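Trainee: Could you take me through one part of this model in detail? I'd like to look at the salt bridges and how they link up.

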Amino acid sequence: MTELLISGASAPGPDGAILSVEPESVGLEYVGFEVLALEGGGTAERACGFRELCVVVISGVVHVASEHGEWFDIGGRADPWAGLPDAAYLPPESHVGLRAGEDGAEVALCWAPALRGATPRVLPGANIAVETRGRGDHERFIRPILMENEGAGSLLVVEVLTPAGHWSSYPPHKHDHDDPPRQSLLEEVYYHRVKPERGFGLMRVYDYQEALDEALTFRDRDCVLVPRGYHTVSAPPGYDSYYLNVMAGPQRLWAVVNDPDHEWILDGSHSNPPS
C-alpha cells in the first residue's frame, strides 16, 4: 500500500480517534491531522503546545472549552453535504476540551506549528462565501474555512464538494517551492468522504523531477498526503466527493502553479489540446 494513503480505523479509539497523521511519522514537517468520531456526550482533550489548531465539525454538534472560553453548539449539519461547516480556531499553548452533542459528532483537528497564532474564535459556516470553480465536468464548490482572509499563524483550511462524475483540484497543480508570489511551499492533507459511503474516488500525486507518480484509490474516511508534486482528484459517476484540505508551510501564502501539460483546459476557446 502506498505511504501516501492513510485509512481511517473501523472502530474509534478510546477518545473517539479514527484517523491520526503525526507529521514526524509520515515524513511531513508542518501539517498534523486527526479525525474523531465521538458518541453522544463523548469527550476528548488536547494540548496545542507549539501548534495552532482549527477544529472543523464535519457532522453533528460539538461544545468546545478552553482557557479562552466556552463555545456551545458548534456545527449542526447531518453530513458534509447538508450545510456549511462551523469551525473554531485556537492559538498555540491552548488546552482544549471537546464534547459531542447527544447525537454524536465527527470532528477534524487540523494542526500546524505557529509562533504566535491569532485570536481564538469561532468560525461560523454562515460567514462562508461559497466559490464555484471550474466548469463542465471539472466544476466543484469551494468552502473557505481558514484561508488567507482569516487570521492564523500558518494553517490554511478549506472544504471542497465535487459532484459525481467530475474532476477536482483540476487541472493538476502543485505548491512545493518557496517562490512567491508565483508559488508557495505548502504540505497538504486531503481527508475524503464519499456519498454513498460504499463508493470510492481516485487521486494522482506526481512529480516530474523526482521518482513520484502515485495513482491512489481512496474510500470513505481515507486520508491522502501530498508532501510535494502535482495532484488531482476524480469522483466516479454515482459517487459525490467531499474533501477537507489542510495546508501549512514556512509562510502562510496559497500560491499554486498548474501542470503546463494540462493548463490549456482552463482556456474555454480550446475544445482540444493545442499542438
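Mentor: Glu 106, Arg 193, Asp 220 and Arg 221 are linked in a network of salt bridges, a salt bridge being a side-chain nitrogen of Lys or Arg within 4 Å of a carboxyl oxygen of Asp or Glu. Before we go on, note that this is a predicted model, where local features need pLDDT of at least 70, side-chain atom pairs count only at pLDDT 80 or more, and totals for chains, interfaces and linings use all residues. Residues are numbered from 1 along each chain as its sequence is written, and side-chain values use heavy atoms, with hydrogens and water left out.

Start with Arg 193 and Glu 106, whose closest N and O atoms are 2.7 Å apart. Arg 193 sits in strand 16 (residues 187-195) and Glu 106 in strand 8 (residues 95-113), so their pairing ties together parts that are 87 residues apart in sequence. Strands here are DSSP runs (E, at least two residues), numbered from the N terminus. Both partners are buried (under 20% relative accessible area, with a 1.4 Å probe and protein chains only): Arg 193 has 7% relative accessibility and Glu 106 has 3%.

Now move to Asp 220, which forms a salt bridge with Arg 221. Their closest N and O atoms are 3.4 Å apart. Asp 220 is buried at 15% relative accessibility, whereas Arg 221, at 27%, counts as partly exposed, the class between 20% and over 50%.

Technical notes: Helices (H or I, at least four residues) and strands (E, at least two) are DSSP runs, numbered from the N terminus.
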